[in-house]
Amino acid sequence: MYNWTRDQGQKGVTIAALSAVDIALWDIKGRAFGVPVYTLLGGAYRRRARVYATGLYEPQGVPSIPAALVEEALGYRRAGFCGMKLKIGYDLRTDLSYVRAIREAIGPDLLLMVDANHAYNASEAIRLARAMEPYDIHWFEEPVPPEDLDGYLEIKRHSTIPLAGGECEYTRYGFRELINRRVVDILQPDLCAMGGFSEMLKVVAMASAANLPVVPHVWGTGVGLAAALQLFAALPHFPERRFPDDPLFEYDRSPHPFRDGVTRERFVMRDGYLEIPQRPGLGVTLDRDFIRGFAA
Ligand SMILES: [Mg+2]
């Protein structure tokens, strides 16, 4: 399929479509053997995923945006998340005001990540990164457009905040550049976009050879979440050491009824962790009646 479409489809929506087919095939194979997909991927390092909350998008129609963001952030702290990711990329002054307000509200112990969704050029991102350094930012995600690999390298030279990226990259060929040129400190391939399990295994192997941590990007329906949990179970440490950190799993908390209703199973966080389904395949079943309700 890739060969048929490669002339026009080396990245983007074509690869995302191939990813869906690939993930479905792994699900079928798991069901046929009666084992979870992570067993087919080599076995589980872990039975549950330590999650951080993705949210904190600028709310609309509220009297005070910083106050609303702080309230949301405190809700994540109360819920038991180990950390959270703040959407930035508005302008440098606004971004910094949100970062400051949230760090002061949640205290020093929780992880705080920021995601600019490639809103800046390198010089803007360097200014922002330096200004954010006092607020203990765990990573700075997509500071510049995904095509601007030299921009990433320039920011890396001027800031101590680790850079994360990769949700807009595809296949082993795209990730080869990110890995070999050491463009990011944390690689964030999206299983549902970059090629599915088959391609992800190759990228994880390449990343391990470069000792580059993989923190998968997870942002989609319950099917995507279930698939990402299977991958996460089998994800090695980068590097392996005597007492490795529990890796982080992205858990989108922005409201989205389709994401949550598409599977019959619900994912519930307990004590800051999501259980990884032990059922065959991806471990989820589609709610076809629910899906029909969203048909166009
Ligand atoms: Mg992102």
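Helix H8 spans residues 171-180, and its buried members are Thr171, Gly174, Phe175, Leu178 and Ile179. Those five cover an arc of only 135° around the axis, so they sit on the same side of H8. This is a predicted model. What lies over that buried side? The cover includes the helices H1, H2 (13-33), H7 (149-158), H9 (191-194) and H10 (196-209). Strand S6 (186-187) is also part of the cover.

The largest nonpolar core holds 78 residues. Which of them have the most contacts inside it? They are Met84, Leu86, Met132, Phe140, Leu187, Phe197 and Phe249. Helix H11 (residues 222-233) supplies the largest share of this core, with 8 residues. A second core stands separate, and it has 8 residues, among them Tyr52, Cys82, Val215 and Leu248.

Met1, Val21, Leu25 and Ile28 make a patch of about 400 Å². Met1 belongs to the segment before helix H1 (2-5). Is Met1 buried or exposed? Its relative accessibility is 57%, above the 50% cut-off, so Met1 counts as exposed.

Next comes the loop between H10 and H11, where Thr221 lies. Thr221 has 27% relative accessibility, so it counts as partly exposed. Beyond its neighbours within four places in sequence, Thr221 is in contact with Phe258, Arg259 and Val262.

The last stop is Arg266. It is placed in the loop between helix H12 (257-261) and strand S8 (269-270). Which residues does Arg266 touch, not counting those up to four places away in sequence? They are Asp260 and Gly261. Gly83 is 183 residues from Arg266 along the chain, and 22 Å separates their C-alpha atoms.

Note on methods
Residues numbered from 1 in each chain as written. Predicted model: local features only at pLDDT ≥ 70, side-chain atom pairs only at ≥ 80, totals over all residues. Heavy atoms only, no water. Core = buried A, V, L, I, M, F, W, Y, C linked by side-chain atoms within 4.5 Å. Buried < 20%, exposed > 50% of the residue type's maximum accessible area, 1.4 Å probe, protein only. Helix = DSSP H or I, 4+ residues; strand = E, 2+ residues; numbered from the N terminus. Patch = residues over 30% accessible without salt bridge, like charges linked within 9 Å, V, L, I, M, F, W, Y side chains within 5 Å. Areas by Shrake-Rupley, 256 points an atom, 1.4 Å probe, with all protein chains shown as cover. Salt bridge = Lys/Arg side-chain N within 4 Å of Asp/Glu carboxyl O. Arc of directions from axis to C-beta. Contact = heavy atoms within 4.5 Å.
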